[in-house]
Amino acid sequence: MTYGIAIFPSKDVQDVANSYRMRYDPRYSLIPPHITLKEQFQASEGEIEEIAAACKKIANEMEPFDIEINRVSSFSPATHTVYLKVEANRSLIHLNEKMHEEPFPVEREHKFVPHITISQELSEDEHSDVYGSLRLSKFELSDTIDRFQLLYQLDDGSWTVYETFKFDKE
């Protein structure tokens with residue numbers, strides 16, 4: 001089965017992201033706005049139980065932390081993806097690093113860039129228009145992160161929560 005690990009920000013942050021995603025993200029309906037901590041990976045039932053236990057241990061060692069979002073950015077020219085840039089901080093980086101140690105699959109497809117995707121799979125012209133207008137916008141979003149989710153992918157490509165891990169809680 002295919003799994004992933006993500007942070008779902010507050011409704012306020014999701015509402016801002018969704019105001020763009022509805023128009024510019026063809027995967028809008030497959031998953032709510034999120035910060036990917038661990039890209040999709042394959043795991044058996046036994047492996048996912050071990051990974052869930054590791055997630056619980058990580059969450060118990062973490063304390064809630066704040067994130068800031070002040071601008072949009074793009075992965076262009078690698079992809080035509082526009083995103084809300086989440087400012088990296090020590091807690092977020094630590095959380096991502098823990099997700100790339102045993103028992104998690106340790107390989108990485110991409111360097112960790114904390115973000116919330118707001119557009120993807122656009123043509124080059126569409127991407128230029130969207131990014132060109134949004135990069136002039138100021139965003140002043142902040143959020144307190146106190147949990148993360150282990151997700152699994154359904155046959156239709158959508159994602160659903162397997163388990164939620166709240167920080168500093170047994």
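Does Ala-52 count as buried or exposed, and at what relative accessibility? The structure before you is a predicted model. In it, Ala-52 has 9% relative accessibility, and because buried means under 20%, the residue counts as buried.

Ala-52 is a residue of helix α2. Leaving aside residues up to four places away in sequence, Ala-52 is in contact with Leu-150, Tyr-162, Glu-163 and Phe-165.

In soluble globular proteins, nonpolar side chains tend to be buried together. The largest nonpolar core here has 42 residues, and the members that touch the most others are Ile-5, Ile-7, Leu-37, Phe-65, Leu-84, Leu-95 and Phe-148. Helix α2, residues 45-61, supplies the largest share of this core, seven residues. Another core, of five residues, lies apart from it and includes Ala-6, Phe-8, Ile-31 and Leu-151.

What does Ile-7 touch beyond residues up to four places away in sequence? Its contacts include Pro-33, His-34, Ile-35 and Leu-37, and also Phe-65, Leu-92 and Leu-95. Ile-145, Arg-147, Phe-148 and Gln-149 are likewise among the residues that Ile-7 touches.

Asn-18 is located in helix α1, residues 11-24. Asn-18 has 15% relative accessibility and therefore counts as buried, the cut-off being under 20%.

I come next to the sheet. Four strands form an open sheet in the order β5-β4-β3-β6, and their pairing is antiparallel. Why is one side of β5 and of β6 left without a neighbour in the sheet? Strands β5 (115-119) and β6 (141-145) stand at the edges and each has a single partner strand, so one side of each has no neighbour there. From one strand to the next, the twist averages 30°.

Strand β3, residues 65-74, pairs with β6 in the antiparallel sense over five bridges, and Asp-66 stands opposite Thr-144 in β6. Helix α4, residues 124-134, packs on the sheet, where it touches β3, β4 (82-86) and β5. The direction of helix α4 makes about 125° with that of β3.

Strands β3 and β4 also pair in the antiparallel sense, over five bridges, with Arg-71 opposite Lys-85 in β4. Between β4 and β5, which run antiparallel, there are four bridges, and Tyr-83 has Thr-117 in β5 as its bridge partner. Strand β4 is mostly covered, with five of its five residues buried.

How much space lies in it? The pocket holds about 1200 Å³. Its lining comprises 40 residues, of which Arg-27, Thr-36, Glu-39, His-110 and His-115 are the closest to the centre. The elements giving two or more residues to the lining are β1 (2-7), β2 (35-42), β5 and β7 (147-153). Strand β2 provides the largest share of the lining, seven residues. Strand β5 thus belongs to two parts of this account: it is an edge strand of the sheet, and it contributes to the lining of the largest pocket.

Terms used. Residues are numbered from 1 along each chain as its sequence is written. This is a predicted model: local features need pLDDT of at least 70, side-chain atom pairs count only at pLDDT 80 or more; totals for chains, interfaces and linings use all residues. Side-chain values use heavy atoms; hydrogens and water are left out. A nonpolar core is a set of buried Ala, Val, Leu, Ile, Met, Phe, Trp, Tyr and Cys residues joined through side-chain atoms within 4.5 Å. Buried means under 20% relative accessible area, exposed over 50%, partly exposed in between (1.4 Å probe, protein chains only). Contact means heavy atoms within 4.5 Å. Two strands pair if DSSP finds at least two bridges between them. Axes are lines fitted to C-alpha atoms, for helices over the stretch in contact, and angles run from 0 to 180 degrees between N-to-C directions. On a 1 Å grid over the protein atoms alone, a cavity is a set of points where a 1.4 Å probe fits but cannot get out, and a pocket is an open set with protein on both sides within 12 Å along at least five of seven lines; lining residues have an atom within 4 Å of a point. Grid points are joined across faces, edges and corners, and a volume is the space filled by probe spheres set on the points.
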